Structures are given as structure tokens and as C-alpha cells.
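Student: I have a model open and would like to learn how to read it. Can you walk me through a helix and what it packs on?

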Amino acid sequence: MRDRLRERPGDERGDLTGPNRLDRGKKGSKIHLITERTGLPIAVAISAANLHDSVALEPLVRSIPPIRSRRGPRRRRPGKLHGDKGYDYPRLRAFLRGRGIVPRIARRGIESSQRLGRHRWVVERTVSWLAGCRRLHRRYERRADHFASFVAIAAALICYRRLTN
């Protein structure tokens, strides 16, 4: 039927997908997010499943909007960033320090990730809230901008629910 209509088969899963090493090589996407202390998402992004997390950190930090507060001096960026051993690279530490953010990243081979548990569960909880949205549990959209829009809408809904309660 496609040959008769002169259509060519498109990409199987769309752009920003890659083989997932945990799911038998199926193509998929990752959702990256930065949250504040209580779990409200500040910045969200998507990437291919085979992209290392450290590559996605710089664009994600650049996309953080200015933080506004009612009291005290206005802050333009977060004070510190907690991360696991996957982000332990000198270029990332230098990038964060250059932006005025104190990196709290566990060092590979030296520190245990257990100390980050009290900070990491906040992000894991927010990821589980995002996974509660059925549209994000499995990627149905072929276009990456559509999927990124649904992730942004889900993050806005999480913020709305938390702020109204």
C-alpha cells in the first residue's frame, strides 16, 4: 500500500530516541529534570535513551528560569546542585562554579552515594509523579517537540497540584 502511494517508512520512534541498554535495545527517551528542595520541577528536558546524563546537565542548568522570592534579595539561580556519581566530571564542576552554583556531587571511587539519599529521593519522587501521567509512561509521539510539550504540561500540573494543596 505504501509503495502505491509513494510513501516511505519514517523513523520507527521519531527523533531524540536511542537504544535503551536496560530494555533489550528498544528505542526510547529519557526525561531529565531539576527540582527544588520540596520536589517542584524547575527545568525539564528529554534526550535519547543512550545519551549519558552528564551531557544533558549543561543545557538543563541553562534553562533554569530566574528564581523570584518575596523576601530578601532576588536570586537568579539555585545556590547548590546535588547530583550522583554520573555527574562527577571536572568540566561539569567548573561549569556549575562558573554560574555561581555550588556542586554537591559524589566523587567516583571515593564517596558513597548513600549520603545523597536524603536529597535524591526528592527527585525520584518527582520522577514517579511524572510517570503517573499515562502519556509519559510510554512514548507514543514520533515528534520530539510534542513529547517535550507533554512533559512540560505534566510538570506544570505537578506544580499546580502542589501549590493548590
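**Reading a helix and its core**

Tutor: Keep in mind that this is a predicted model. Let's begin with an annotation: an unreviewed UniProt entry lists residues 144-163 as "transmembrane region".

Student: Now for α3. Which of its residues are buried?

Tutor: A general idea to start: an α-helix has 3.6 residues a turn, so residues three or four places apart point the same way. In α3, residues 90-98, the buried ones are Leu92, Arg93, Phe95 and Leu96. They share one side of α3 because they cover an arc of only 160 degrees around the axis. On the other side, Pro90, Arg97 and Gly98 are exposed.

Student: What do the buried residues of α3 pack against?

Tutor: They pack against α2 (53-62), β4 (80-83) and β5 (102-105). Take Leu96: beyond its neighbours within four places in sequence, Leu96 touches Leu57, Val61, Leu81, Ile101, Pro103 and Ile105.

Student: And how do I read a core?

Tutor: In soluble globular proteins, nonpolar side chains tend to be buried together. Here the largest nonpolar core has 13 residues, and Ile34, Leu57, Val61, Leu81 and Leu96 have the most contacts inside it. The elements giving two or more residues to this core are α2 and α3. A second, separate core has ten residues, among them Leu130, Leu136, Ala144 and Val151.

Terms used: Residues are numbered from 1 along each chain as its sequence is written. This is a predicted model: local features need pLDDT of at least 70, side-chain atom pairs count only at pLDDT 80 or more; totals for chains, interfaces and linings use all residues. Side-chain values use heavy atoms; hydrogens and water are left out. Buried means under 20% relative accessible area, exposed over 50%, partly exposed in between (1.4 Å probe, protein chains only). Helices (H or I, at least four residues) and strands (E, at least two) are DSSP runs, numbered from the N terminus. The arc is that of the directions from the helix axis to the C-beta atoms. Contact means heavy atoms within 4.5 Å. UniProt positions are given in the numbering used here, feature names are shortened, and annotations may be inferred rather than shown by experiment. A nonpolar core is a set of buried Ala, Val, Leu, Ile, Met, Phe, Trp, Tyr and Cys residues joined through side-chain atoms within 4.5 Å.
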